[in-house]
Amino acid sequence: MSLLDEMKGRIKERLPELDVVIGWQRGFDPLHATPLFMRGEEDVDRLVLDPLCVHNLATYLTGLRDKKVGVVVKGCDSRSVIELLQEKLLDRENITVFGFPCEGVVSLKKIAREVDLDLVEDARVEGDTVKVTVDGGEKSFPLAEVAADKCGRCRYHNALLSDEFVGEPVTEPEADEYADVAEFESRPLEERAGHWREAMQRCIRCYACRNACPLCVCRDHCVAHCRDPHWITEQDTVDEKWFFQVIHAMHLAGRCTECGECERACPVGIPLLLLKRKLNKEVEELFDYRAGTKVEATPPLMAFQVEEENINERGW
Amino acid sequence: MMEAKFIPGDKVPAWLAELAKERRTAVPRREGGAVVFRPFDPDQPVPLGRQATTPPKGSVFPQCEPLMVFRYEKDPASPDTSQVRVKETIDETPRLVVGGRPCDARGFATFDRVYDAEDVKDLNYLARREHTAFITMACPRPSSTCFCHWVGSGPADTECSDVLMTPVEGGYVLEPVTETGGELLQSSLLEDAGKRLDEAHAVHKRAAEGLGEAPDLSETPGKLLELFDDMGFWEEVSAKCISCGACTYLCPTCYCFNITDEACGAEGARLRTWDNCMSYQFTMEASGHNPRPTKAHRLKNRVGHKFSYYPTIHGGAIACCGCGRCIKHCPVSVDIREIVLKATAAESAEQE
């Protein structure tokens, strides 16, 4: 039985006890998947499950806290569910997790470098190859080449938490050493500042980065929109946009599970994940901690210890 | 009679450089995988082959603009009282936008009915609108997200454009639409279009055919109103929406704004900023009551505004130009076409 059929079967089995199960279906073209809210068996028949299923569906969970919700998760998405449980933003008994092994999702931005996404006629994934038809001509891309960058670094391909796990777990790769962050940090300060200034100039302040983030939970009380006090001005200057992104990154330090939804959701291609990874690298070095890996752990910035092991507070 | 011209592809940068001397000229530029409008720079390539990620809406209606600046001044004779001095900020800089699509330019028709109405004139908007010219690129072929023909437009629509530019073999045919457009075509770099005009019109025809049949939306305004209280419908169609503002900020027809006074010390500005009906604060009232508390209420407003309330008060004109950016760039692929069709069909199903 295919992974998809097995998943459909498991969801149909559990559906009667749940209000909704969130998965993916085909979107407006064959290359785009879109979130699917399954309430009846006929909805389950629309489910798709392949590397085009890019969204982190854990994003919807805090908004459905009073419902019995099932959610289909990849490894990275499962970390978001764990982090939300750790922070007591979800009730374990209300969540049913359908996990599966993921070997990477497609970055549509990478595909867009090769073909015009506006003209996609067909797309499918066969084994390790993504096949896209544009203008009557089919192009093949090895999944490894068009997978999102986060997938190349991922250590958690198998869902870390699941009530129903479908498929055979895959072997987990070696540790992520934050080589991308180290490389960026090795550049001159002015170059790094210029990189962010240029990127922030494009920002349209739509906050798709924030709303796509499963750990952005201030919801209607975000600092970006708070009117009293009016923390951030309405001006659309680079400084204001950068200010928000730094606050966003700081709020996610040690909480961000690096699903990359902020970066994927950005309509103007701002590489936001790098900022989040910088903060996570700091947290890992200081607290030996990675967000969303153990349900029973307490995120370090939500805990207090008089003496931190890796922080030499009195050595001066 | 103004005549159509032709410009060879390799002469476009020189022509743009000439135009940029007379007017502040915005053109598409590729930045980080996105295509955005930026001031013309002779050292940067101008990608004209695809729809830009962001519309050129900001050239006429900036994301943030000061409507006026103010300053409080104390009266030395009476230190307890102060006077406020106010200065309007009307911008009449001559501008030009090159390389938007017909949908992008036509977006301003939606604005005009609101900001250039008989009883209300928005002077800041009108000053920019009047002084901005558009050289628009006709679409040679539709994208999977395009639906301009649903809303009464088409790939070679000239509404709100001054010149229509069409890609043909070896360059572009330039058809003047307005008198300003004729003035923009005086350069010695341009040749007579001659028979290439027929070629351009063939491009228009092919693109229009590529869009296929448009559904009949004449009943849609009424049907959306009938669904107004059916929150089950709106919760279902908005379930996957993450309530960000990407759709509204990328939309060439979204014109809602917010006004805030921002002061530092004795000086400040009254700022007008794009607002976003997907945001909780959009209808937040001073009392604390919010008539649109959920994303379902807010998406209902977005669809209703474009396809029902606006057409009802503006002679049937739909407040959507069919550019498809809200679909293409939505992080979760919410498809407004699907919602409109579902709403249009919902009531018919009940009648059966």
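Guide: First, a term: contact means heavy atoms within 4.5 Å. This is a predicted model, where local features need pLDDT of at least 70, side-chain atom pairs count only at pLDDT 80 or more, and totals for chains, interfaces and linings use all residues. Residues are numbered from 1 along each chain as its sequence is written, chains are lettered from A and ligands numbered from 1 in the order in which they are written, and side-chain values use heavy atoms, with hydrogens and water left out.

Visitor: Is H157(A) buried or exposed?
Guide: Leaving aside neighbours within four places in sequence, H157(A) is in contact with residues including F100(A), C151(A) and P173(A). Buried means under 20% relative accessible area, exposed over 50%, and partly exposed in between (1.4 Å probe, protein chains only). H157(A) has a relative accessible area of 12%, so it counts as buried.

Visitor: How many residues does chain B give to the contact with chain A?
Guide: Chain A puts in 37 residues. From chain B come 42 residues.

Visitor: What area do chain B and chain A bury between them?
Guide: Buried area is the accessible area (1.4 Å probe) that two parts lose on being put together, summed over both. Here 52% of it is on carbon and sulfur atoms. The total is about 3,400 Å².

Visitor: Which residue of chain A forms a salt bridge with E31(B)?
Guide: A salt bridge is a side-chain nitrogen of Lys or Arg within 4 Å of a carboxyl oxygen of Asp or Glu. The rule finds three across this interface. For E31(B), the closest N and O atoms are 3.7 Å apart, and the partner is R202(A).
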